[in-house]
Amino acid sequence: MKKTIFVLILIVFFLQYSTFSMIEGFSVFSTELILCFLLALFLRRTYLENLTWAFFAGLLVDYFSDSVLGFNVLVFAVIVFVIDFLKRKLALKEMHFSIVAIIVFFGTILSDFLILFFSNLLLLVKILDNPISIDFSWNYFLVKILLAVIGFFFYRTILFIEKVFGIGLREIRIDKI
Amino acid sequence: MKLSKKNNIVVLFVVILFVVILMLLTRGSKNKPLEEPVRRSLTPTAGFFSNIGFWFDDKFSFVKEMGGLKKQNQQLFEEIINLKGRLARIEEIEKENEELRAQIELAPRDKFSLISAMVIGKDLKNQEETAHLNRGKKDGIKEQMAVIVGEGILVGKVSRVFKTSCDVELLINRASKINAEIVKNGARGIARGQFGTSLVLDMIPQTVKIERGDTVITSGIGGLLPRGLLIGYTQSATPTSDQLFQKTSLILPSQMDKLMVVWIVEGEK
């Protein structure tokens, strides 16, 4: 299962970086494909495992971008924490489309806010040179809605893989407070 | 392993601390640790996936443009790019003739030694428009080399080089700054990327009259980029916030999101 997730993260990353960025019209949402996948994955795995995947995926994104090494790791790690918090509150074994879509929708927006927050922080300590800004227009939210749908598709894919590997719902630890 | 909520916070804090230490240790360093082996090992995979992307783009374009129209459109598009590059040179020659100065060597493609490269990935997030090419140090690529398409249309410059690949900072990258010149009147300014989507020609003296459609080329100042590469065309000028200069948006002659094969300017022949 872990090897499959490793390969899936690589595939989704290269789909984002090398495939959809080349197709006219697809580059709009392709910048957050890996984030979408991670949000869906974080809903199904344990906290420590999620942090491992966040670390790996974050480093992968950092190596293929101009961002400081560790920047995306930081963002993904905080998202893992937030998702784990939500999982404890919801305590659902398998999530309905609407809940997954809402979590992915707000997860991608949270990621942008974290990017803004951390980039301004790093700017203050002179680790970053240029400020980042995000255009919160109607297009922005439309893209997030599309990403929410894609996130659910990823969620179903992960559920399917779990079924293939025979990992039942009892394997997924969702702690209720 | 079950973790309590408190332990979750502790683990998160440890991860954040580790990442911050990593950032502080690598601050100021141009290359990230282990970046070269990671890039070298994954560049062929990126090339494979980019080919899939180009294939799909080709098919989608076909559907959109209906059969033979697609090919004709592509041919016309390439011809337009070539003609725009030639037009820039012609205007420059006219200007020099008018001022009776010695002809300055422009930058037609046949004057330069070029290396072809394929775009195998793009980083489009956070207004840092960067393209990833499949040429690197082993092909003789160096930092700050100009990257062009068509007959001499500048799309960016090489920002980082690895053994088998390199990163290109596109013109619309928010960190991109190019010394530029308006062909018609010789006014010089800085072409800056804005928001990862457009280009602005800034720091133009207030005394210069700028008209819509004026051709803007690289000025060659600084010696990094050759002179005469087409950057874009001006729109209406507006004063800068300090009222000392004026600036204008530039219309780009090439589509940054349709880059597939580019040429890296190695040097003059």
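Predicted model: local features only at pLDDT ≥ 70, side-chain atom pairs only at ≥ 80, totals over all residues.
**Figure 1. Extent of the interface between chain A and chain B.** In this view, 50 residues of chain A are in contact with 57 residues of chain B. The two chains bury about 4700 Å² between them, and carbon and sulfur atoms give 66% of this area. A:Met22, A:Glu24 and A:Tyr63 supply 16% of the area that chain A buries against chain B, more than any other three residues.

**Figure 2. The side of chain A that touches chain B.** Four helices of chain A each supply at least two residues to this side: helix 1 (2–19), helix 4 (47–63), helix 5 (71–90) and helix 6 (97–124). Helix 5 of chain A provides the largest share, nine residues. Sorted by class, the side of chain A that touches chain B comprises 30 nonpolar, 10 polar and 10 charged residues.

**Figure 3. The largest pocket and its lining.** The largest pocket has a volume of about 970 Å³. It is lined by 30 residues, of which A:Val28, B:Leu124, B:Glu129, B:Phe195 and B:Thr197 are the closest to its centre. The lining consists of 10 nonpolar, 12 polar and eight charged residues.

**Figure 4. Helices of chain A in the lining of the largest pocket.** Helix 2 (27–30) and helix 7 (138–164) of chain A each contribute at least two residues to the lining. Helix 7 of chain A gives the most, with four residues.

Note on methods:
Residues numbered from 1 in each chain as written. Chains lettered and ligands numbered in written order. Heavy atoms only, no water. Contact = heavy atoms within 4.5 Å. Buried area = accessible area lost by both parts, 1.4 Å probe. Nonpolar A, V, L, I, M, F, W, Y, C, P; charged D, E, K, R; others polar. 1 Å grid on protein atoms, 1.4 Å probe; cavity = no way out; pocket = protein on both sides within 12 Å on 5 of 7 lines; lining within 4 Å. Points joined across faces, edges and corners; volume = space filled by probe spheres on them.
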